[in-house]
Amino acid sequence: MPIVSASVDTFVVLGTAILIPAVLVLRRQPQSFTLQNGLSILLIFHTLLQLYTIVLRFPPNIFQKLKIPLTTPSDTIRTILLHRAGLPPDASLPRPLETLLTRLSSFDTRSLYVRFGQAVIQDCEHCTTFDEYAIFAVPRMALGYVKEAAVVGFVTIRGSGHERWRTYAIGALVAAFIMEGYKIGTTPVRISRDGQGVFMWHDNLWLLRHLFILVLPLLLHILPRAAPPQSPIPLLATAHLELRQTKDRLSTARFVHAATQRDPELRAAAAKWWDRQRVEGEWARADEHVRHAAEKLGKGIAEDADGTAGRLRQKVRAILRQMMESVALAPGPAAVAAGQ
C-alpha cells in the first residue's frame with residue numbers, strides 16, 4: 001500500500017538509491033573541492049531532476065487517466081469527471097478543462113491531441129490549425145534540448161577530460177530534436193472505430209526524450225577521459241639542458257682540434273679519415289647519376305662554367321663557416337675584411 005502515492009513513493013525510492021551510494025563515494029575522495037567532484041554533484045542533481053520530471057511531472061492525458069477510449073464524447077467525459085470529483089451533474093468544471101472538452105468535440109482536434117499532447121491543446125487559446133499548434137509546441141520541446149545542451153557543456157568543460165565528446169553529444173541532441181519533430185509532424189495517427197489502443201505519439205516521445213536526457217550526461221561522464229595536457233615547463237627545462245650541453249661541446253671543439261694536431265697519432269688518424277672522406281666525395285661528385293639527381297632536387301654540386309660552386313656546396317660552405325665562427329675556429333667577416 002502506498003505511503004503517500006505510487007509516484008511519490010517511486011521517486012523517493014529511486015532518489016534514495018542514487019543519493020546514498022553517491023554520498024559514500026564522494027566522502028571517500030581525498031579532496032572535496034575538485035572539478036570532478038563538482039561535475040559528479042551536478043550529475044546527481046540532474047539525475048534527480050529528470051527522475052522527478054518523469055515520475056511526478058508526466059504529461060497529463062485525460063483519456064489514459066480515466067481509462068476511456070479516445071472516441072469518448074465530450075459530454076460523457078464531463079459526466080465522468082464530475083462523478084470522480086463527487087460533484088453534482090450540473091456543476092461546472094475548471095475553465096481549462098471546459099476549454100479542453102469544448103475543443104475535443106472535433107475529431108481533428110483529437111488527432112492533434114495525440115500528436116501534441118493535452119497541455120498544448122488546452123493552453124493554446126488562439127490555435128485552430130495544425131500549423132498553429134505546431135508553432136506553439138515546438139518551443140516547449142526545443143527548450144528541453146537547449147537545457148540539456150547547457151548540461152552537456154558543463155560535463156565536457158575544459159579539464160573534465162571529456163572535451164572531445166562535446167561535438168558528438170551536441171550532434172546527438174540536434175539529431176534527436178529533428179527526429180522527434182519529424183515523427184510528430186509526419187507520422188499518421190491511426191484511431192480505431194472503438195478508440196482503443198491508440199498510440200499517443202506525444203506522450204511516448206516525451207518519455208523517450210527525457211530518458212535520453214537522463215542517460216546522455218551519465219554516459220558522457222563514464223566515457224574514457226583524455227590524458228591531461230602536459231605542462232610545457234618540464235619540456236622547456238629538458239630543451240634548455242640539451243642546449244647548454246650542446247653549447248659546451250661546441251665551445252670545447254676548438255681545444256679538441258688543437259689537441260688533435262699536437263698528438264702525432266691523432267693527427268695522422270685525422271688526416272687519414274679526411275683523405276678517405278675526400279676520395280669518397282670525389283667518387284660521388286664524379287657520378288653522372290648523382291649529379292643529375294642533385295640538380296633535380298635543387299641541390300646541385302657541379303661547378304658552373306665560370307668556376308662557381310653548386311648551390312648545395314655554397315650552402316654547406318656557409319653553414320660550416322657559421323659553425324666555425326661560433327666556436328672561434330675561423331675568423332669572422334669583420335676580421336677577414338680587416339685583413340684585406
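Select Cys124 and Cys127 to begin: a disulfide (a pair of cysteine sulfur atoms within 2.5 Å) joins the two, with an S to S distance of 1.7 Å. The structure holds 1 disulfide. The torsion about the S-S bond of Cys124 and Cys127 is about 65 degrees, so the disulfide is right-handed. Both Cys124 and Cys127 are buried, where buried means under 20% relative accessible area, exposed over 50% and partly exposed in between, with a 1.4 Å probe and protein chains only.

The model is a predicted one, in which local features need pLDDT of at least 70, side-chain atom pairs count only at pLDDT 80 or more, and totals for chains, interfaces and linings use all residues. Residues are numbered from 1 along each chain as its sequence is written, and side-chain values use heavy atoms, with hydrogens and water left out.

Next, show the aromatic rings. A search of the whole structure finds 9 aromatic pairs; rings of Phe, Tyr and Trp (its six-membered ring) pair if their centres lie within 6.5 Å, and planes under 30 degrees apart count as stacked, over 60 as edge-to-face and the rest as tilted. Select Phe63 and Tyr113, an edge-to-face pair at 5.2 Å centre to centre with 90 degrees between the planes. Phe63 is in helix H3 (residues 62-66) and Tyr113 in helix H6 (residues 107-123), so the pair ties together parts that are 50 residues apart in sequence. Helices (H or I, at least four residues) and strands (E, at least two) are DSSP runs, numbered from the N terminus. Phe63 is buried at 2% relative accessibility, and Tyr113 is buried at 1%.

Move to Trp273 and Trp274: the ring centres are 4.7 Å apart and the planes at 80 degrees, so this pair is edge-to-face. Trp273 counts as partly exposed at 38% relative accessibility, while Trp274 is exposed at 55%. Then select Phe116, Phe130 and Tyr133, which ring pairs link into a cluster.

Now colour by annotation. The unreviewed UniProt entry gives "transmembrane region" for residues 7-26 and 38-58; such annotations may be inferred rather than shown by experiment. Residues 7-26 are 100% helix and 0% strand, with the end C-alpha atoms 28 Å apart. For residues 38-58 the chain is 90% helix and 0% strand, and the end C-alpha atoms are 29 Å apart.

Finish with a surface view of Leu35, Leu42, Phe154 and Ile157, which form a nonpolar patch with about 320 Å² of accessible area together. Patch residues have over 30% relative accessible area and no salt bridge; like charges are joined within 9 Å, nonpolar side chains (Val, Leu, Ile, Met, Phe, Trp, Tyr) within 5 Å. A salt bridge is a side-chain nitrogen of Lys or Arg within 4 Å of a carboxyl oxygen of Asp or Glu. Accessible areas come from the Shrake-Rupley method with a 1.4 Å probe; for residues, only the protein chains shown count as cover. Phe154 lies in helix H7 (residues 130-155).
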